[in-house]
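This briefing is meant to be read with the sequence and the structure side by side. It moves from the overall layout to the helix packing and then to a few individual residues.

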Amino acid sequence: MKAQVKQKDPKIWEIRDMALTLDLSDLPTMERYENAFERMREAEEAVPRDGKASEMLRGYLHMYEVLFRELFPEEADKLFDGLAQNVSVYEDMYMSFLEFVAAQQNASVQRRMERLSKYRPAGRKK
């Protein structure tokens with residue numbers, strides 16, 4: 001489940017035949033993003049560290065679901081519909097998301113640098 005990094009709009013994450021929009025240059029979206037990772041951290045702390053392996057797996061699945069339900073509340077049911085209850089599958093989706101975010105942030109920095117360089121005085125070092 002690789003993120004589509006060569007797409008026209010770097011703010012759209014294509015996953016599971018879905019196109020999910022996340023614009024991290026938008027303040028309310030960034031706050032939702034930060035809160036989602038905080039909730040994910042809290043869910044990770046609740047994962048049992050001993051006992052049944054099935055309970056640990058359930059905790060990790062819940063941790064990923066918390067993140068994506070916070071980020072994409074309207075689309076979350078469809079995102080998880082029919083998805084195998086398998087930690088590897090959820091981790092693949094999570095890694096795809098992180099690649100998408102990294103690509104979006106890189107594109108944003110590049111766009112900002114290009115815009116600012118137009119107004120940089122001649123001879124001034126970057």
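In what order do the elements of the protein run from the N terminus on? They follow the pattern β-β-α-α-α-α, so that the protein, which is shown here as a predicted model, has four helices and two strands. Of its 126 residues, 30% count as buried, and among the contacts between residues at least 6 apart in sequence, 63% join residues at least 24 apart.

**Helix H4**

- Helix H4 covers residues 87-117, and because its 31 residues should span 45 Å at 1.5 Å a residue, the 45 Å between its end C-alpha atoms agrees with expectation.
- The buried residues of H4 are Val87, Tyr90, Met93, Tyr94, Ser96, Phe97, Phe100, Val101, Gln104 and Ser108.
- These buried residues of H4 pack against strand E1 (12-15), helix H1, helix H2 (53-71) and helix H3 (76-80).

**Helix H1 against helix H4**

- Helix H1 (residues 27-45) packs against H4 at an angle of about 150°, and the axes of the two helices are 15 Å apart.
- Angles over 145 degrees count as roughly antiparallel, and H1 and H4 are therefore roughly antiparallel to each other.
- The crossing in which H1 passes H4 is left-handed.
- On the H1 side the contact is made by Tyr33, Phe37 and Met40, which meet Tyr94, Phe97, Leu98 and Val101 on the H4 side.
- Sorted by class, the residues of this contact between H1 and H4 comprise seven nonpolar, no polar and no charged.

**Helix H2 and its packing on helix H4**

- Helix H2 has 19 residues and reaches 28 Å from its first C-alpha to its last, which is close to the 27 Å expected at 1.5 Å a residue.
- Within H2, the buried residues are Gly59, Leu61, Met63, Tyr64, Glu65, Val66, Leu67, Phe68 and Leu71, and they pack against E1, H1, H3 and H4.
- The axes of H2 and H4 cross at roughly 35° and come within 10 Å, and H2 passes H4 in a left-handed crossing.
- From H2, the residues Leu57, Tyr60, Leu61, Tyr64, Glu65, Leu67, Phe68 and Leu71 meet Val87, Tyr90, Glu91, Met93, Tyr94 and Phe97 of H4.
- The contact of H2 with H4 contains twelve nonpolar, no polar and two charged residues.
- Tyr94 and Phe97 of H4 are named in the contact with H1 and also in the contact with H2, and both of these residues are buried.
- Glu65 is listed among the buried residues of H2, and Glu65 also takes part in the contact with H4.

**The loop between strands E1 and E2**

- Arg16 is found in the loop between E1 and strand E2 (18-21), and although Arg16 is not a glycine, it has a positive phi of about 50°.
- Arg16 has a relative accessibility of 31% and so counts as partly exposed.
- Asp17, which is found in the loop between E1 and E2, has a positive phi of about 60° although it is not a glycine.
- Asp17 is exposed, with a relative accessible area of 83%.

- Arg58 has its place in helix H2 and is exposed, with a relative accessible area of 52%.
- Although Arg58 and Asn86 are 28 residues apart in sequence, their C-alpha atoms are 9.2 Å apart in space.
- Thr21 lies in strand E2 and is likewise exposed, with a relative accessible area of 52%.
- The C-alpha atom of Thr21 is separated by 9.3 Å from that of Asp9, which is twelve residues away along the chain.
- When its neighbours within four places in sequence are left aside, Thr21 is in contact with Lys11, Ile12 and Phe72.

Key: Residues are numbered from 1 along each chain as its sequence is written. This is a predicted model: local features need pLDDT of at least 70, side-chain atom pairs count only at pLDDT 80 or more; totals for chains, interfaces and linings use all residues. Side-chain values use heavy atoms; hydrogens and water are left out. Axes are lines fitted to C-alpha atoms, for helices over the stretch in contact, and angles run from 0 to 180 degrees between N-to-C directions. Angles under 35 degrees count as roughly parallel, over 145 as roughly antiparallel, 65 to 115 as roughly perpendicular and the rest as oblique. A crossing is left-handed if the near helix is turned anticlockwise from the far one by less than a right angle, and right-handed if clockwise. Contact means heavy atoms within 4.5 Å. Ala, Val, Leu, Ile, Met, Phe, Trp, Tyr, Cys and Pro count as nonpolar, Asp, Glu, Lys and Arg as charged, and the others, Gly among them, as polar. The expected span of a helix is 1.5 Å times one less than its number of residues. Buried means under 20% relative accessible area, exposed over 50%, partly exposed in between (1.4 Å probe, protein chains only).
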